[in-house]
Amino acid sequence: MNTESHMKDPYKALGVDPKASESEIKKAYRRLAKEYHPDRTGGDKAKEIRFKEVSVAYDILSDPQKRAQYDNMRSSGGIPSGVMDLGDLFAQMFGGQGGQTRVH
């Protein structure tokens, strides 16, 4: 599975349009989280990575302030250089720890 296209854009990670409603984002997250959850994928590392990407994307897009900040950054020139994945982006944007996600 090629996850490279999903590494930096939470909208792509969840497969939703940037104009998606909160309910559309939540529905996409739940579907993908269920599909890629480590308890259901038998230790498949690629699916585990995808689950983490989906979780971080949802962390960003489910919070109105974080989503607005991401959207502003995205529209004013994109992702900062040196960002390797959504966890790094999350850490740079919000001062959090990259890779730490919550599951809803």
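The chain has five helices and zero strands, where helices (H or I, at least four residues) and strands (E, at least two) are DSSP runs numbered from the N terminus. The model is predicted, so local features need pLDDT of at least 70 and side-chain atom pairs count only at pLDDT 80 or more, while totals for chains, interfaces and linings use all residues. Residues are numbered from 1 along each chain as its sequence is written, and side-chain values use heavy atoms, with hydrogens and water left out.

## Exercise 1: the chain as a whole

Describe the order of elements, the burial and the contacts of the chain.

Step 1. Along the sequence the pattern reads α-α-α-α-α.

Step 2. Of the 104 residues in the chain, 37% are buried; buried means under 20% relative accessible area, exposed over 50%, and partly exposed in between (1.4 Å probe, protein chains only).

Step 3. A contact requires heavy atoms within 4.5 Å. Among contacts between residues at least 6 apart in sequence, 60% join residues at least 24 apart.

## Exercise 2: the largest nonpolar core

Step 1. A nonpolar core is a set of buried Ala, Val, Leu, Ile, Met, Phe, Trp, Tyr and Cys residues joined through side-chain atoms within 4.5 Å. The largest one has 20 residues, and Leu14, Val16, Ile25, Tyr29 and Leu61 have the most contacts inside it.

Step 2. H3 gives the largest share, seven residues.

## Exercise 3: helix H3

Compare the span of H3 with the expected one, then inspect its start and its buried residues.

Step 1. The expected span is 1.5 Å times one less than the number of residues. With 17 residues, H3 reaches 24 Å from its first C-alpha to its last, close to the expected 24 Å.

Step 2. At the start of H3, a side-chain oxygen of aspartate 44 comes within 3.0 Å of the backbone nitrogen of alanine 46.

Step 3. Buried residues in H3 include Phe51, Val54, Tyr58 and Leu61, and also Arg50, Glu53 and Asp59.

## Exercise 4: aromatic pairs

How many aromatic pairs are there, and what is the geometry of each?

Step 1. Rings of Phe, Tyr and Trp (its six-membered ring) pair if their centres lie within 6.5 Å; planes under 30 degrees apart count as stacked, over 60 as edge-to-face and the rest as tilted. The count comes to two aromatic pairs.

Step 2. The rings of tyrosine 11 and tyrosine 70 have centres 6.1 Å apart and planes at 50°, so this pair is tilted. Tyrosine 11 in helix H1 and tyrosine 70 in helix H4 are 59 residues apart. Tyrosine 11 is buried, at 1% relative accessible area, and tyrosine 70 is buried at 1%.

Step 3. For tyrosine 29 and tyrosine 58, the ring centres are 4.2 Å apart and the planes at 15°, so this pair is stacked. It links helix H2 to helix H3 across 29 residues. Tyrosine 29 is buried at 1%, and tyrosine 58 is buried at 7%.

## Exercise 5: a loop residue

Is threonine 41 buried or exposed, and which residues does threonine 41 touch?

Step 1. Threonine 41 is found in the loop between H2 and H3.

Step 2. Its relative accessible area is 15%, so threonine 41 is buried.

Step 3. Not counting residues up to four places away in sequence, threonine 41 touches Glu35, Tyr36 and Lys47.

Methods. A polar contact is a pair of N or O atoms within 3.5 Å; within protein, one must be able to donate a hydrogen and the other to accept it, and residues adjacent in sequence count only if both atoms are side-chain atoms.
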